[in-house]
Amino acid sequence: MIDKVNIRVYACAVKDKKVLTLFEEYAGEPLMKFPGGGLEFGEGLLECLHREFDEELNVKIEVVEHLYTQEDFLVSRFRENEQLLTIYYIVNITTEEDFLILDPCIERTEWIDIDTPDNPFPLPVDKIVFDKLKEKFL
């Protein structure tokens with residue numbers, strides 16, 4: 001039975017037709033995902049993005065535009081009682097020289113070519129977003 005909603009806000013940091021991805025282990029599974037995370041009570045969507053980039057990667061961002069909001073019902077892959085709502089933005093990292101992984105859960109980061117033929121993302125909404133990036137930047 002679904003009794004919680006988890007709002008997630010993510011960013012596609014794009015540079016030279018590549019997008020920044022994070023590699024971490026979550027609930028015992030290796031995961032490749034976009035930077036971002038959960039919206040906290042009393043926080044706006046863009047505030048959440050700025051906080052997540054600051055906490056995870058020690059950088060400041062400029063929000064360029066909204067890219068995608070998940071439209072279909074989705075149950076969390078990790079919590080069966082939780083409905084997800086995910087929102088994605090395109091951002092620029094403005095202090096790249098300060099880039100430093102601060103979150104111990106993040107194993108590594110990688111800039112993935114947007115023009116790669118296969119969609120490398122394991123999570124269903126991330127897959128949609130990566131395809132939208134291809135449409136926009138290629």
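What percentage of the 138 residues in the chain is made up of buried residues? Buried residues account for 41% of the 138 residues in the chain, where buried means under 20% relative accessible area, exposed means over 50%, and partly exposed lies in between, with a 1.4 Å probe and protein chains only. The model is a predicted one, in which local features need pLDDT of at least 70 and side-chain atom pairs count only at pLDDT 80 or more, while totals for chains, interfaces and linings use all residues. Residues are numbered from 1 along each chain as its sequence is written, and side-chain values use heavy atoms, with hydrogens and water left out.

The chain contains two helices and seven strands, and from the N terminus on its elements run β-β-β-β-α-β-β-β-α; helices (H or I, at least four residues) and strands (E, at least two) are DSSP runs, numbered from the N terminus. Its radius of gyration, taken over C-alpha atoms, is 14 Å, which agrees with the value near 14 Å that a compact globule of 138 residues would have; the globule rule is 2.2 Å times the number of residues to the power 0.38. The C-alpha trace spans about 45 × 35 × 30 Å along its principal axes. Contact means heavy atoms within 4.5 Å, and among contacts between residues at least 6 apart in sequence, 69% join residues at least 24 apart. The accessible surface of the chain comes to about 7700 Å², with 50% of it belonging to carbon and sulfur atoms; such areas come from the Shrake-Rupley method with a 1.4 Å probe, and for residues only the protein chains shown count as cover.

We turn next to the pockets. On a 1 Å grid over the protein atoms alone, a pocket is an open set of points with protein on both sides within 12 Å along at least five of seven lines, a cavity is a set of points where a 1.4 Å probe fits but cannot get out, and lining residues have an atom within 4 Å of a point. The largest pocket holds about 590 Å³ of space, where grid points are joined across faces, edges and corners and a volume is the space filled by probe spheres set on the points. Its lining consists of 29 residues, of which Arg-8, Tyr-10, Tyr-26, Lys-33 and Phe-78 lie nearest the centre of the pocket. At least two lining residues are supplied by each of strand 1 (4–15), strand 2 (18–26), strand 3 (29–33), strand 4 (36–38), helix 1, strand 6 (82–93) and helix 2 (124–137), and strand 6 provides the largest share, four residues. By class, the lining of the largest pocket has 12 nonpolar, six polar and 11 charged residues; Ala, Val, Leu, Ile, Met, Phe, Trp, Tyr, Cys and Pro count as nonpolar, Asp, Glu, Lys and Arg as charged, and the others, Gly among them, as polar.

The second largest pocket holds about 180 Å³ of space and is lined by Val-5, Asn-6, Ile-7, Arg-8, Gly-38, Leu-39, Glu-40 and Phe-41. Strand 1 gives the most to this lining, with four residues, and the lining divides into four nonpolar, two polar and two charged residues.

Glu-52, found in helix 1 (residues 45–57), counts as buried at 8% relative accessibility, and, apart from residues up to four places away in sequence, Glu-52 touches Gly-36, Gly-37, Gly-38 and Leu-57. Glu-82, in strand 6, also counts as buried, at 7% relative accessibility, and with the residues up to four places away again left out, Glu-82 touches Ile-2, Lys-4, Asn-6, Leu-74, Val-75 and Ser-76.

Pro-120 sits in the loop between strand 7 (106–113) and helix 2 and is partly exposed, with a relative accessible area of 34%. Leaving aside neighbours within four places in sequence, Pro-120 is in contact with Met-32, Ile-112 and Phe-130, whereas its C-alpha atom is separated by 24 Å from that of Asn-6, 114 residues apart along the chain.

Lys-17, which is not a glycine, has a positive phi of about 60°; Lys-17 lies in the loop between strand 1 and strand 2 and is partly exposed, with a relative accessible area of 48%. Asn-58, likewise not a glycine, has a positive phi of about 60°; Asn-58 lies in the loop between helix 1 and strand 5 (61–69) and counts as partly exposed at 29% relative accessibility. Most residues other than glycine have a negative phi.
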